[in-house]
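Trainee: I am new to this structure. Please take me through a single part of it, slowly enough to follow.

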Amino acid sequence: MLDLAIIGGGPAGLTAGLYATRGGLKNVVMFEMGMPGGQITSSSEIENYPGQIEVVSGMDLMMKWPEQCQRFGLKHEMAQIENVTKVGDIFKLTTSDKKEYEAKTVLIATGSVPRRAGFKGENEFFGKGVSTCATCDGFFYRGKEVTVVGGGDSAIEEAIYLSKMCSKVYLVHRRDTYRAAPSTIEHMKHAQNIEEVTNVTVEEVYGDMSGVQGIKVKHKETGEIRDLPTPGVFIFVGRDVLNAPLKQEDGSFLCDVNEAGEVIVDLRMRTSVPGLYAAGDIRIDAPKQVVCAAGDGATAAVNIIEYLG
Ligand code: NAP
């Protein structure tokens, strides 16, 4: 029987693991199918993590976190939790290969995945020119033109990153104002090779067997269609939470969630189910910052220790 099962190995899950083990819990397992680190590892530049003065990649920022946790006894299971149920006081977790675990408490910290924008050609060319990760795929477009779709922090930060290796970046956004932080927008406006293409909707991404050849956008007021013949199209239009493990057989969720599927928690990261906690981007009102996810993980762990006590 585990004292605590942590689902997800991003900043929230890792920090919870660190605080829980260092705080005295003996049997703590973090379930993470891939390398721990979370979605931030696909961010190209982090400049707002406190104390981290040099601009580093998400991968570099997260590199040492797992090792620090393991020093205090956190175990890492490379498994994907498919389902969590509660029977009496005990949680039952089932992995995708049907292995079962029992735990006294559970922390869900699965975060979110990039959302698809929903235009023609997006799915067809995903991985063949359409991407949601500039650090992973930007390299393929070195010296070439690319399009970035979106108007939030992710889109603008990644457009700036791509502008350093690509000959030109078209920043395509459906409105003429952005959601991103003013300093990030200012930074983008200084890049000589970023062209803002605003007030447009994406008509389609087109190409052939070899991959994407371009993207067509339509001006929302004039209806004019513009063809941007770029072989790379990067989509940053927000994220969807990964709450599938909480889904029960009858389609309901194990605990209360809001209309976007985000887990409802209180200030102690407690869900509506005693012993079940949520931290990081999966919870309501998450600011979606590494430092906040880490803070959530610590808050959850401190309260889990108290709950078990
Ligand atoms: P976001 O802030 O939700 O922005 C998504 C953008 O995509 C919006 O501009 C939205 O347009 C646009 N969009 C949404 N659906 C679309 C569609 N179907 N077609 C075309 N455009 C669409 O998402 P994000 O940039 O991924 O950021 C998520 C959160 O993480 C935010 O809270 C952000 O502040 C945070 N974040 C912070 C940092 C940092 O601090 N360094 C870095 C990255 C992300 P509208 O504006 O018209 O809705």
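Trainee: Which of the 18 residues around the ligand come nearest?

Mentor: First, some ground rules. This is a predicted model: local features need pLDDT of at least 70, side-chain atom pairs count only at pLDDT 80 or more, and totals for chains, interfaces and linings use all residues. Residues are numbered from 1 along each chain as its sequence is written, and side-chain values use heavy atoms, with hydrogens and water left out.

Now your question. Asp 153, Glu 157, Arg 174, Arg 175 and Arg 179 come nearest, out of 18 residues around the ligand. Being near takes a heavy atom within 4 Å of the molecule. By class, this shell holds 4 nonpolar, 8 polar and 6 charged residues. Here Ala, Val, Leu, Ile, Met, Phe, Trp, Tyr, Cys and Pro count as nonpolar, Asp, Glu, Lys and Arg as charged, and the others, Gly among them, as polar.

Look at individual atom pairs next. The side chain of Arg 175 has an N or O atom 2.7 Å from an oxygen atom of the ligand. For the side chain of Arg 174, the distance from such an atom to a ligand oxygen is 2.9 Å. Gly 152 takes part through its backbone: an N or O atom there lies 3.4 Å from a ligand oxygen. The ligand alone exposes 920 Å², and the protein buries 76% of that. Those areas come from the Shrake-Rupley method with a 1.4 Å probe.

Step back to the domains. An automatic or database assignment sets their bounds. Domain 1 covers 2-114 + 239-308, and domain 2 covers 130-235. Their C-alpha centres lie 32 Å apart.

Buried means under 20% relative accessible area (1.4 Å probe, protein chains only). Among the buried ones are Ala 155, Ile 156 and Leu 162. The buried residues of α5 pack against elements including α4 (134-137), β9 (145-149) and α6 (182-190).

Last, Asn 199. This residue sits in the loop between β11 (194-197) and β12 (200-208). At 14% relative accessibility, Asn 199 counts as buried. Its contacts include Arg 174 and Arg 175.

How values were computed: A polar contact is a pair of N or O atoms within 3.5 Å; within protein, one must be able to donate a hydrogen and the other to accept it, and residues adjacent in sequence count only if both atoms are side-chain atoms. Helices (H or I, at least four residues) and strands (E, at least two) are DSSP runs, numbered from the N terminus. Buried means under 20% relative accessible area, exposed over 50%, partly exposed in between (1.4 Å probe, protein chains only). Contact means heavy atoms within 4.5 Å. Lists of a residue's contacts leave out its neighbours within four places in sequence.
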